[in-house]
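Subject: Structure handover

Dear colleague,

Please find the structure below, with its sequence. My notes on what was found in it follow.

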Amino acid sequence: MALKVWLDDKLVDEADAKISAFDHGVLYGDGVFEGIRVYNGRIFELEAHIKRLYESAKVIRLDVPMSKSKLISAVEKTVEANGVIDGYIRLVMTRGVGTLGLNPFICEGGRLFIIADNIQLYPEELYEKGMKVISATTVRNHPLALPPQVKSLNYLNSILAKIEALDNDVPEAIMYNHEGYVAEATADNVFIVKNGVIYTPPVEAGALEGITRGVVIKLAREEKLEVVEKNLTRCDLYICDEFFLTGTAAEVIGIVEIDGRVIGDGKPGPYTRLLRKKFFRYAHRK
Ligand code: PMP
């Protein structure tokens with residue numbers, strides 16, 4: 001069945017959801033986006049995603065041409081029109097049509113499109129067995145260049161690291177910042193467990209402030225588990241007891257090997273399994 005896509009101010013047929021070749025989102029990756037899950041018909045942490053979108057847009061001086069409540073209603077209408085109960089939403093704002101030059105201020109202004117569809121997930125087996133990763137040689141964008149807190153349409157930094165992962169026959173790569181500290185994975189945040197304490201790099205290390213990361217920290221603290229934001233080195237990853245990633249698509253997934261070093265006993269550990277279970281319950285709550 002053809003999808004209905006939200007374009008600017010209304011739902012249109014998938015075939016009519018078109019963006020100009022002169023849109024600066026296409027020409028320069030000039031825009032911002034969000035990826036959001038739907039569980040049991042409920043849009044997961046929608047307000048947090050909308051807030052992050054507005055913040056990303058503010059950093060790149062893109063005016064979102066509608067109020068937060070109108071945007072929330074547009075997302076809800078798109079989900080409803082496509083009958084999505086468990087799925088994925090992609091919300092994209094581009095700078096709009098401009099010239100072939102860089103000047104963003106002569107562009108026609110923000111264009112919005114929202115897609116609600118099914119999602120291709122990692123196979124269940126990968127969650128049970130855990131995933132292998134490598135350290136990418138591609139350094140995370142410097143915060144003074146393209147701040148990793150901005151979820152911009154320019155993902156080439158992550159894509160270069162993803163290519164390294166795939167060239168090494170693993171699905172994900174860990175990215176380090178210009179100082180050598182762990183930043184994040186290509187599209188997920190990093191957590192480790194060492195001696196009963198959960199550690200995650202601070203956002204300033206060069207990470208997107210993941211919505212899943214925030215939920216997992218909250219759920220862990222509800223369980224009275226200690227969570228500490230701290231700079232982590234590659235060595236910290238090699239010698240941790242448990243290692244997992246969080247993200248909208250991956251949710252909570254255990255890492256069992258990095259750069260040929262086996263983590264723990266080579267299976268997702270008890271903290272990872274507990275937090276994955278708690279996350280599942282929270283996401284699917286009635
Ligand atoms: N880091 C990057 C670079 C991402 O693109 C994402 C989103 N997939 C994440 C982290 C995780 O963020 P969230 O939990 O909000 O999906």
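In helix α5, the buried residues are Asn-157, Ser-158, Ala-161, Glu-164 and Ala-165. Buried here stands for under 20% relative accessible area, exposed for over 50%, and partly exposed for what lies in between, with a 1.4 Å probe and protein chains only. These residues sit on the same side of α5, because they cover an arc of only 115 degrees around the axis; the arc is taken from the directions from the helix axis to the C-beta atoms.

Before the rest, two notes on the source. This is a predicted model, in which local features need pLDDT of at least 70 and side-chain atom pairs count only at pLDDT 80 or more, while totals for chains, interfaces and linings use all residues. Residues are numbered from 1 along each chain as its sequence is written, and side-chain values use heavy atoms, with hydrogens and water left out.

More on helix α5

Helix α5 runs over residues 156-167 and has twelve residues. From first C-alpha to last α5 reaches 16 Å, close to the 16 Å expected at 1.5 Å a residue; the expected span is 1.5 Å times one less than the number of residues. Helices (H or I, at least four residues) and strands (E, at least two) are DSSP runs, numbered from the N terminus. The cover over the buried residues of α5 includes β7 (131-135) and β8 (172-176), where contact means heavy atoms within 4.5 Å. On the face turned away from the buried side are the exposed residues Leu-156 and Asp-167.

Aromatic rings

The whole structure contains five aromatic pairs. Rings of Phe, Tyr and Trp (its six-membered ring) pair if their centres lie within 6.5 Å; planes under 30 degrees apart are stacked, over 60 edge-to-face, and the rest tilted. One of the pairs is Phe-44 with Phe-279, edge-to-face at 5.4 Å centre to centre and 70 degrees between the planes. Phe-44 lies in the loop between β4 (42-43) and α2 (46-59) and Phe-279 in helix α8 (residues 270-283), so this pair ties together parts 235 residues apart in sequence. Phe-44 is buried at 5% relative accessibility, and Phe-279 is buried at 2%.

Phe-44 also pairs with Tyr-282: the ring centres are 5.9 Å apart and the planes at 80 degrees, so this pair is edge-to-face. Here the two residues are 238 apart, with Tyr-282 in helix α8. Tyr-282 is buried, as is Phe-44. Ring pairs join Tyr-39, Phe-44, Phe-279 and Tyr-282 into a cluster.

Two arginines lie over ring faces: Arg-276 over Tyr-127, at 3.9 Å from the ring centre, and Arg-285 over Tyr-282, at 4.1 Å. The rule asks for NZ of Lys or CZ of Arg within 6 Å of the ring centre and within 35 degrees of the ring normal.

Cysteines

How many disulfides are there? The count is zero, taking a disulfide as a pair of cysteine sulfur atoms within 2.5 Å. The sulfur of Cys-235 is 10 Å from the closest cysteine sulfur, in Cys-240, which is too far for a bond. Cys-235 is partly exposed at 43% relative accessibility, whereas Cys-240 is buried at 5%.

Asp-265 belongs to the loop between β15 (261-262) and α8 and is exposed, with a relative accessible area of 60%. Asp-265 and Met-175 are 90 residues apart in sequence and 24 Å apart in space, C-alpha to C-alpha.

Regards
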